[in-house]
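Reader: I have not looked at this one before. Could you show it to me and take some questions?

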Amino acid sequence: VGNYRLVIVAKDGTVQNSIPFTVVGKGSMVNLQKNAELTVKLDKAQYAAGDVISLQITAPYTGGGLITLEGNTVYAYKSFKTTTSSSVQTIQIPADFVGSAYVAVSFARDWSSPEVFLNPLSYSVVPIMVGQAAHQVKIDLQAPTVVKPGEKLAIRYSTDKPSAIIIYAVNDGILQVAQYQMPNPLAYFFQQRALLVSTQQTIDQILPKFSSNLMRSSVGGDGGGPSNNNYINPFKRQAEKAVVFWSGIVEASSIPQTAFYTVPDYFNGSLRIMAVAAANNAVGSAQQTTLVRGDFILEPTVPTVLAPGDTTTVNVDVTNNIKQAGTLPIQVSLVTSKGLSVTTATTQTLNLAYQQDAVVKFTVASNTVLGNADFTFTATGAGKAVTRTVTTSIRPATPFQTTILSGSSEANKTIALTRQLYPELRRQTVAIAFSPAIFMQGMQQYLSTYPYGCTEQVVSRGFGYLAFSKTLQNATAIKEFETTLQMLQQRQVSQGGFTYWPGEDFSADSGLGTPPPTI
């Protein structure tokens with residue numbers, strides 16, 4: 001009886017493997033440390049109601065003890081006596097018990113034991129889980145181990161009991177950044193509870209320990225003010241969507257069913273497929289990983305924004321995933337949308353071996369067509385073709401500006417427009433009236449299109465709506481002014497001031513430190 005370790009050593013003395021194991025039974029512990037510590041090992045990690053627990057008890061001396069199954073109270077107990085330092089004892093779990101519990105062993109030294117210099121009482125507490133398997137939904141989740149980009153991924157699923165199930169798949173890279181862990185609903189409902197039974201004796205006091213794991217939230221997004229991307233860059237590029245799949249709540253049973261997800265043609269990498277199911281008085285989860293790998297992997301590098309007339313060099317890294325002897329000739333071509341023009345050869349040839357990569361460069365010029373523009377790269381070889389499309393935004397090199405010309409005239413007058421404007425999102429208005437109040441219309445247009453939404457700007461814009469609503473009785477201005485008041489009410493803090501952006505909290509317990517001056 002004792003604790004041992006199997007060690008495999010190479011001829012040069014390097015340890016190749018090390019496996020610990022324990023021999024249980026009745027006898028004397030080999031090389032027992034005389035520190036009055038009681039060691040208890042269980043035969044299983046989980047039990048069902050009514051099971052018999054087998055315990056390997058190793059004590060620093062001979063004597064007798066008490067085994068109890070405890071939690072909120074004492075559920076079962078059994079006394080024992082042994083003439084050896086190591087023995088196997090048993091205790092039965094009540095047939096109606098489910099949940100977390102503790103097996104507590106208190107061991108007292110025998111009067112005839114020669115170990116008189118050790119503490120006469122030793123103890124050990126081991127947590128167990130009872131009845132977990134009866135409340136588990138077993139999910140059979142099957143998917144191909146390898147698929148190609150653009151293919152339809154078939155996710156086959158079934159459960160051992162009628163359940164409601166959610167199936168979702170996410171790019172494994174996203175999960176790693178967010179430190180996302182597979183949900184384990186069964187572990188949540190069967191959390192380890194604190195031991196609430198206190199044991200009193202005359203030698204010392206047994207104080208069971210309980211530690212709870214704090215839940216850590218996933219990585220959040222950026223904070224700060226509201227998103228103003230529609231104002232800052234109205235010529236937005238069409239970014240590639242995240243690789244995610246969500247089935248919603250569907251029914252599952254022992255009859256296999258299939259969910260389909262078309263993998264985006266631009267994605268190569270690991271895709272983690274997960275499922276969470278809930279049945280009557282049972283829950284479960286499962287996961288599987290599918291590798292998405294195309295015949296050719298294209299990784300373009302293009303600028304996110306360009307101005308009309310710009311010239312740039314775009315790169316595409318090509319990796320050959322076709323396994324064959326020697327090198328494979330691969331034709332790499334680039335086709336652009338009307339906002340771009342390729343000024344060099346649109347097709348180039350590479351010779352790559354299996355899993356070898358190389359970079360192809362193209363020179364591209366931007367035209368005067370503003371907005372989203374596409375780069376479409378295609379690699380062809382051995383009868384296979386892979387296409388990857390990425391986008392850029394072509395927008396003016398100057399920031400958004402509003403120009404207002406105002407004045408009065410008693411006769412015909414010609415006004416020259418000196419600014420050269422692109423037709424996209426261009427707006428030109430002329431307002432003429434007998435009343436000087438028409439000047440407010442130009443100022444209001446300037447404030448309304450100002451590309452920021454802090455509280456100062458909201459207040460400035462609100463004054464224009466207030467002037468129109470009071471002087472011209474404009475229905476639109478009245479509605480906008482009421483909306484401005486609602487926005488300011490949402491930004492007002494308990495001290496009476498207003499935060500610069502909505503959602504900011506500068507209360508004493510917010511953890512943001514000393515609040516800045518409020519408006």
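Predicted model: local features only at pLDDT ≥ 70, side-chain atom pairs only at ≥ 80, totals over all residues.

Reader: Where is Arg 491?

Author: Arg 491 lies in helix 6, residues 475-491 (helices are DSSP runs of H or I with at least four residues, strands are runs of E with at least two, both numbered from the N terminus).

Reader: Is Arg 491 buried or exposed?

Author: Arg 491 is buried, because its relative accessible area is 5% (buried means under 20%, exposed over 50%, partly exposed in between, with a 1.4 Å probe and protein chains only).

Reader: What does Arg 491 touch?

Author: Leaving aside neighbours within four places in sequence, its contacts include Gly 453, Cys 454, Tyr 500 and Trp 501 (contact means heavy atoms within 4.5 Å).

Reader: Different topic. Which strand holds Ile 128?

Author: Ile 128 is in strand 10, residues 121-130. Ile 128 counts as buried because its relative accessibility is 2%. Beyond residues up to four places away in sequence, Ile 128 touches Leu 42, Tyr 47 and Gln 192, among others.

Reader: How far is Ile 128 from Tyr 102?

Author: Their C-alpha atoms are separated by 5.8 Å, with the two residues 26 apart along the chain.

Reader: And Ile 8, which strand is that in?

Author: Ile 8 is found in strand 1. Ile 8 counts as partly exposed because its relative accessibility is 41%.

Methods. Residues numbered from 1 in each chain as written. Heavy atoms only, no water.
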